[in-house]
Amino acid sequence: MSKLEIKNLHVSVGTQDGPKPILKGVDLTINSGEIHAIMGPNGSGKSTLAYAIAGHPNYEVTDGEILLDGENVLEMEVDERARAGVFLAMQYPVEVSGVSVSNFLRTAKTAIDGQAPPLRTWVKDMNTAMEGLRMGTDFAQRDVNTGFSGGEKKRHEILQMQLLRPRFAILDETDSGLDVDALRIVGEGVNAAQAETGAGIVLITHYTRVLQHIKPDFVHVFVNGRIAEEGGPELADRLEAEGYDRFLQAV
Ligand SMILES: Nc1ncnc2c1ncn2[C@@H]1O[C@H](COP(=O)(O)OP(=O)(O)OP(=O)(O)O)[C@@H](O)[C@H]1O
Ligand SMILES: [Mg+2]
(Lines give C-alpha, C1' and ligand atoms only; values in the text may rest on other atoms or scores of the structure.)
(Ligands and ions follow the chains in the order given, each with its own letter.)
Protein backbone atom coordinates (compact mmCIF):
# COMPACT_ATOMS: atom_id res chain seq x y z
CA MET A 1 0.00 0.00 0.00
CA SER A 2 1.26 3.45 -0.92
CA LYS A 3 -0.02 6.90 -0.13
CA LEU A 4 0.30 10.14 -2.07
CA GLU A 5 -0.48 13.12 0.15
CA ILE A 6 -1.00 16.67 -1.02
CA LYS A 7 -1.17 19.12 1.84
CA ASN A 8 -2.11 22.78 1.66
CA LEU A 9 -0.52 23.03 -1.79
CA HIS A 10 -0.01 26.54 -3.17
CA VAL A 11 1.37 26.82 -6.69
CA SER A 12 2.23 29.79 -8.90
CA VAL A 13 2.74 29.58 -12.63
CA GLY A 14 5.48 31.55 -14.34
CA THR A 15 4.03 34.14 -16.72
CA GLN A 16 5.47 37.07 -18.70
CA ASP A 17 4.33 39.35 -15.87
CA GLY A 18 5.89 37.20 -13.15
CA PRO A 19 4.51 34.40 -10.98
CA LYS A 20 0.72 34.07 -10.91
CA PRO A 21 -0.86 32.18 -7.98
CA ILE A 22 -3.13 29.39 -9.22
CA LEU A 23 -3.43 26.75 -6.50
CA LYS A 24 -4.53 28.16 -3.18
CA GLY A 25 -4.37 25.39 -0.63
CA VAL A 26 -5.15 21.95 -2.07
CA ASP A 27 -5.53 18.99 0.28
CA LEU A 28 -5.87 15.56 -1.28
CA THR A 29 -4.81 12.07 -0.18
CA ILE A 30 -4.74 9.17 -2.61
CA ASN A 31 -4.14 5.61 -1.45
CA SER A 32 -3.18 2.68 -3.66
CA GLY A 33 -6.18 1.21 -5.43
CA GLU A 34 -8.33 4.33 -5.06
CA ILE A 35 -9.81 6.24 -7.97
CA HIS A 36 -10.32 9.97 -7.43
CA ALA A 37 -12.16 12.01 -10.04
CA ILE A 38 -11.44 15.73 -10.17
CA MET A 39 -14.02 17.86 -11.92
CA GLY A 40 -14.23 21.62 -12.19
CA PRO A 41 -14.60 24.58 -14.51
CA ASN A 42 -12.03 25.57 -17.14
CA GLY A 43 -9.09 27.45 -15.66
CA SER A 44 -9.73 26.30 -12.08
CA GLY A 45 -6.23 24.80 -11.79
CA LYS A 46 -6.73 21.08 -12.41
CA SER A 47 -3.86 20.76 -14.90
CA THR A 48 -1.74 22.97 -12.66
CA LEU A 49 -2.19 20.41 -9.89
CA ALA A 50 -1.20 17.62 -12.29
CA TYR A 51 1.92 19.49 -13.44
CA ALA A 52 2.93 20.41 -9.91
CA ILE A 53 2.78 16.76 -8.83
CA ALA A 54 4.81 15.68 -11.86
CA GLY A 55 7.35 18.47 -11.31
CA HIS A 56 6.93 20.73 -14.35
CA PRO A 57 9.58 23.47 -14.03
CA ASN A 58 7.19 26.32 -14.87
CA TYR A 59 5.08 25.63 -11.75
CA GLU A 60 6.51 26.86 -8.48
CA VAL A 61 5.27 25.43 -5.21
CA THR A 62 5.09 28.39 -2.85
CA ASP A 63 3.62 26.55 0.15
CA GLY A 64 2.49 23.13 1.24
CA GLU A 65 3.76 19.60 0.72
CA ILE A 66 3.54 16.59 -1.53
CA LEU A 67 4.53 13.33 0.16
CA LEU A 68 4.85 9.87 -1.33
CA ASP A 69 4.84 7.33 1.50
CA GLY A 70 6.14 10.10 3.72
CA GLU A 71 8.95 11.13 1.34
CA ASN A 72 9.15 14.70 0.15
CA VAL A 73 8.25 14.65 -3.54
CA LEU A 74 9.03 18.36 -3.93
CA GLU A 75 12.71 17.64 -3.37
CA MET A 76 12.76 15.12 -6.23
CA GLU A 77 13.64 15.95 -9.84
CA VAL A 78 11.08 15.10 -12.53
CA ASP A 79 12.80 11.84 -13.43
CA GLU A 80 13.08 10.84 -9.77
CA ARG A 81 9.35 11.34 -9.38
CA ALA A 82 8.74 9.10 -12.38
CA ARG A 83 11.08 6.46 -10.95
CA ALA A 84 9.27 6.71 -7.62
CA GLY A 85 6.14 5.67 -9.50
CA VAL A 86 4.33 8.90 -10.32
CA PHE A 87 2.89 9.03 -13.83
CA LEU A 88 1.19 11.91 -15.64
CA ALA A 89 -0.93 11.50 -18.76
CA MET A 90 -0.93 15.05 -20.09
CA GLN A 91 -3.99 16.93 -21.29
CA TYR A 92 -2.04 17.95 -24.39
CA PRO A 93 0.56 15.26 -25.09
CA VAL A 94 3.66 16.63 -26.83
CA GLU A 95 4.93 15.54 -30.22
CA VAL A 96 8.49 14.24 -30.22
CA SER A 97 9.77 13.96 -33.76
CA GLY A 98 12.71 11.68 -34.42
CA VAL A 99 11.81 9.32 -31.54
CA SER A 100 9.71 6.27 -32.30
CA VAL A 101 6.99 5.08 -29.90
CA SER A 102 8.84 1.81 -29.52
CA ASN A 103 12.14 3.49 -28.61
CA PHE A 104 10.48 5.99 -26.35
CA LEU A 105 8.62 3.32 -24.37
CA ARG A 106 11.66 1.08 -24.01
CA THR A 107 13.85 3.98 -22.92
CA ALA A 108 11.24 5.12 -20.40
CA LYS A 109 10.78 1.58 -19.07
CA THR A 110 14.54 1.15 -18.72
CA ALA A 111 14.91 4.47 -16.91
CA ILE A 112 12.06 3.74 -14.52
CA ASP A 113 12.99 0.14 -13.70
CA GLY A 114 16.73 0.82 -13.58
CA GLN A 115 17.34 -1.97 -16.10
CA ALA A 116 16.29 -2.78 -19.64
CA PRO A 117 13.24 -5.05 -19.88
CA PRO A 118 14.04 -8.48 -21.38
CA LEU A 119 13.50 -8.06 -25.10
CA ARG A 120 11.26 -11.06 -25.71
CA THR A 121 8.73 -10.37 -22.97
CA TRP A 122 8.93 -6.63 -23.66
CA VAL A 123 7.91 -6.94 -27.32
CA LYS A 124 5.12 -9.29 -26.33
CA ASP A 125 3.91 -6.95 -23.56
CA MET A 126 4.02 -3.98 -25.90
CA ASN A 127 2.11 -5.76 -28.65
CA THR A 128 -0.50 -7.07 -26.20
CA ALA A 129 -1.05 -3.60 -24.74
CA MET A 130 -1.28 -2.02 -28.18
CA GLU A 131 -3.72 -4.66 -29.32
CA GLY A 132 -5.85 -4.08 -26.22
CA LEU A 133 -5.96 -0.36 -27.01
CA ARG A 134 -6.71 -1.13 -30.68
CA MET A 135 -3.54 0.64 -31.78
CA GLY A 136 -2.18 -0.91 -34.97
CA THR A 137 1.38 -2.23 -34.63
CA ASP A 138 2.58 0.41 -37.12
CA PHE A 139 2.25 2.95 -34.28
CA ALA A 140 5.32 1.42 -32.65
CA GLN A 141 7.47 2.71 -35.52
CA ARG A 142 5.90 6.15 -35.75
CA ASP A 143 7.38 9.21 -34.06
CA VAL A 144 5.84 9.92 -30.64
CA ASN A 145 2.50 11.69 -31.12
CA THR A 146 3.62 13.15 -34.45
CA GLY A 147 0.57 13.32 -36.67
CA PHE A 148 -1.45 11.28 -34.15
CA SER A 149 -5.12 12.16 -33.96
CA GLY A 150 -6.37 13.50 -30.61
CA GLY A 151 -7.74 10.09 -29.66
CA GLU A 152 -4.57 8.30 -30.74
CA LYS A 153 -2.51 10.55 -28.47
CA LYS A 154 -4.74 9.66 -25.54
CA ARG A 155 -4.42 5.93 -26.25
CA HIS A 156 -0.65 6.36 -26.36
CA GLU A 157 -0.77 7.87 -22.85
CA ILE A 158 -2.63 4.81 -21.57
CA LEU A 159 -0.20 2.54 -23.41
CA GLN A 160 2.57 4.19 -21.38
CA MET A 161 0.63 3.71 -18.17
CA GLN A 162 0.11 0.01 -18.91
CA LEU A 163 3.78 -0.60 -19.67
CA LEU A 164 5.38 1.63 -17.04
CA ARG A 165 3.13 0.34 -14.23
CA PRO A 166 3.14 3.45 -12.02
CA ARG A 167 2.09 3.49 -8.36
CA PHE A 168 0.09 6.65 -8.96
CA ALA A 169 -1.33 7.82 -12.28
CA ILE A 170 -2.72 11.27 -12.92
CA LEU A 171 -4.84 11.22 -16.04
CA ASP A 172 -5.55 14.75 -17.22
CA GLU A 173 -8.60 14.72 -19.50
CA THR A 174 -7.62 11.40 -20.98
CA ASP A 175 -11.25 11.03 -22.07
CA SER A 176 -11.40 14.28 -24.05
CA GLY A 177 -11.86 13.87 -27.76
CA LEU A 178 -12.45 10.14 -27.63
CA ASP A 179 -15.20 8.53 -29.66
CA VAL A 180 -17.65 6.22 -27.87
CA ASP A 181 -15.69 3.06 -28.65
CA ALA A 182 -12.33 4.62 -27.78
CA LEU A 183 -13.75 5.80 -24.46
CA ARG A 184 -14.66 2.22 -23.58
CA ILE A 185 -11.31 0.89 -24.81
CA VAL A 186 -9.32 3.48 -22.87
CA GLY A 187 -11.51 2.87 -19.80
CA GLU A 188 -10.83 -0.86 -20.03
CA GLY A 189 -7.13 -0.13 -20.45
CA VAL A 190 -7.03 1.99 -17.31
CA ASN A 191 -9.02 -0.59 -15.35
CA ALA A 192 -6.77 -3.43 -16.53
CA ALA A 193 -3.62 -1.50 -15.56
CA GLN A 194 -5.10 -0.65 -12.20
CA ALA A 195 -6.24 -4.22 -11.51
CA GLU A 196 -2.73 -5.49 -12.28
CA THR A 197 -0.75 -2.92 -10.38
CA GLY A 198 -3.15 -1.63 -7.69
CA ALA A 199 -2.26 1.92 -8.69
CA GLY A 200 -3.98 4.94 -7.20
CA ILE A 201 -5.59 7.04 -9.90
CA VAL A 202 -6.48 10.71 -10.22
CA LEU A 203 -8.83 11.18 -13.13
CA ILE A 204 -9.32 14.79 -14.21
CA THR A 205 -12.39 15.06 -16.39
CA HIS A 206 -15.26 17.26 -17.51
CA TYR A 207 -17.64 14.43 -18.30
CA THR A 208 -19.47 11.79 -16.31
CA ARG A 209 -19.49 9.44 -19.28
CA VAL A 210 -15.94 8.24 -18.60
CA LEU A 211 -16.97 7.55 -15.01
CA GLN A 212 -19.29 4.82 -16.26
CA HIS A 213 -16.15 2.95 -17.35
CA ILE A 214 -13.69 4.05 -14.68
CA LYS A 215 -15.69 4.08 -11.44
CA PRO A 216 -14.46 6.68 -8.97
CA ASP A 217 -14.41 6.09 -5.23
CA PHE A 218 -14.27 9.83 -4.61
CA VAL A 219 -15.25 12.92 -6.59
CA HIS A 220 -13.64 16.30 -5.86
CA VAL A 221 -14.93 19.61 -7.17
CA PHE A 222 -12.10 21.95 -8.06
CA VAL A 223 -12.93 25.65 -8.07
CA ASN A 224 -10.56 28.61 -8.14
CA GLY A 225 -7.47 26.67 -7.13
CA ARG A 226 -9.06 24.72 -4.29
CA ILE A 227 -11.20 21.70 -3.64
CA ALA A 228 -14.62 23.18 -2.97
CA GLU A 229 -16.54 19.98 -2.27
CA GLU A 230 -15.97 16.25 -2.03
CA GLY A 231 -18.26 13.29 -2.28
CA GLY A 232 -18.89 9.93 -3.91
CA PRO A 233 -19.89 9.13 -7.51
CA GLU A 234 -23.31 10.74 -6.98
CA LEU A 235 -21.60 14.15 -6.81
CA ALA A 236 -20.50 13.78 -10.44
CA ASP A 237 -24.11 13.26 -11.51
CA ARG A 238 -25.16 16.33 -9.58
CA LEU A 239 -22.45 18.42 -11.25
CA GLU A 240 -23.54 17.23 -14.65
CA ALA A 241 -27.12 18.20 -13.90
CA GLU A 242 -26.47 21.52 -12.14
CA GLY A 243 -23.11 22.78 -13.41
CA TYR A 244 -20.78 24.79 -11.20
CA ASP A 245 -22.95 27.85 -10.56
CA ARG A 246 -23.43 27.26 -6.86
CA PHE A 247 -19.64 27.09 -6.37
CA LEU A 248 -18.81 30.05 -8.57
CA GLN A 249 -21.26 32.32 -6.77
CA ALA A 250 -19.35 31.65 -3.56
CA VAL A 251 -15.99 32.65 -5.11
N1 LIG B 1 1.81 30.59 -18.65
C2 LIG B 1 0.69 31.10 -18.14
N3 LIG B 1 0.42 32.43 -18.18
C4 LIG B 1 -0.72 32.93 -17.66
N5 LIG B 1 -1.68 32.18 -17.09
C6 LIG B 1 -1.48 30.85 -17.03
C7 LIG B 1 -0.29 30.24 -17.55
N8 LIG B 1 -0.39 28.91 -17.35
C9 LIG B 1 -1.58 28.71 -16.73
N10 LIG B 1 -2.22 29.87 -16.54
C11 LIG B 1 -3.56 30.06 -15.96
O12 LIG B 1 -3.74 29.21 -14.87
C13 LIG B 1 -5.12 28.90 -14.71
C14 LIG B 1 -5.28 27.44 -14.44
O15 LIG B 1 -4.99 26.70 -15.61
P16 LIG B 1 -5.15 25.11 -15.68
O17 LIG B 1 -4.61 24.67 -16.99
O18 LIG B 1 -4.57 24.51 -14.45
O19 LIG B 1 -6.74 24.97 -15.63
P20 LIG B 1 -7.65 23.67 -15.79
O21 LIG B 1 -8.51 23.59 -14.58
O22 LIG B 1 -6.81 22.50 -16.13
O23 LIG B 1 -8.59 24.08 -17.03
P24 LIG B 1 -9.20 23.19 -18.24
O25 LIG B 1 -10.43 22.54 -17.69
O26 LIG B 1 -9.55 24.20 -19.27
O27 LIG B 1 -8.14 22.22 -18.69
C28 LIG B 1 -5.81 29.41 -15.99
O29 LIG B 1 -6.50 30.58 -15.69
C30 LIG B 1 -4.64 29.66 -16.92
O31 LIG B 1 -4.93 30.69 -17.85
MG1 LIG C 1 -6.61 21.31 -17.76
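In β4, E5 has L67 as its bridge partner. That pair sits where β1 and β4 (residues 59-68) run antiparallel, joined by eight bridges. This is a predicted model, where local features need pLDDT of at least 70, side-chain atom pairs count only at pLDDT 80 or more, and totals for chains, interfaces and linings use all residues. Residues are numbered from 1 along each chain as its sequence is written, chains are lettered from A and ligands numbered from 1 in the order in which they are written, and side-chain values use heavy atoms, with hydrogens and water left out.

**A few words you'll need**

- Helices (H or I, at least four residues) and strands (E, at least two) are DSSP runs, numbered from the N terminus.
- Two strands count as paired if DSSP finds at least two bridges between them.
- Strands of a sheet pair through backbone hydrogen bonds, either parallel or antiparallel.

**The four-stranded sheet**

- Follow the order β2-β1-β4-β5 and you have an open sheet of four strands with antiparallel pairing.
- Its edge strands are β2 and β5 (71-72), and each of them pairs on one side only.
- Helix α1 packs on this sheet and touches β1, β2 and β4 (contact means heavy atoms within 4.5 Å).
- The direction of α1 makes about 105° with that of β1; axes are lines fitted to C-alpha atoms, for helices over the stretch in contact, and angles run from 0 to 180 degrees between N-to-C directions.
- β1 and β2 pair in the antiparallel sense too, over 11 bridges, and a hairpin of two residues links them.
- Within that pairing, L9 stands opposite V26 in β2.

**The six-stranded sheet**

- Another open sheet has six strands in the order β6-β9-β10-β3-β11-β12, and here the pairing is mixed.
- β6 (86-89) and β12 are the edge strands, each pairing on one side only.
- Ignoring direction, neighbouring strands of this sheet are turned by 20° against each other on average.
- Helix α5 (residues 150-164) packs on the sheet, where it touches β6, β9 (168-172) and β10 (200-204), and its direction makes about 165° with that of β6.
- Five bridges hold the antiparallel pair of β11 (residues 218-223) and β12 (residues 226-231).

**Around ligand 1**

- An oxygen atom of ligand 1 is 2.8 Å from a polar backbone atom of G43, and a polar side-chain atom of N42 lies 2.9 Å from an oxygen atom of ligand 1.
- Taken alone, ligand 1 exposes 640 Å², and the protein buries 67% of that (areas come from the Shrake-Rupley method with a 1.4 Å probe).

How values were computed: Polar contact = N/O pair within 3.5 Å; in protein donor to acceptor, adjacent residues only side chain to side chain.
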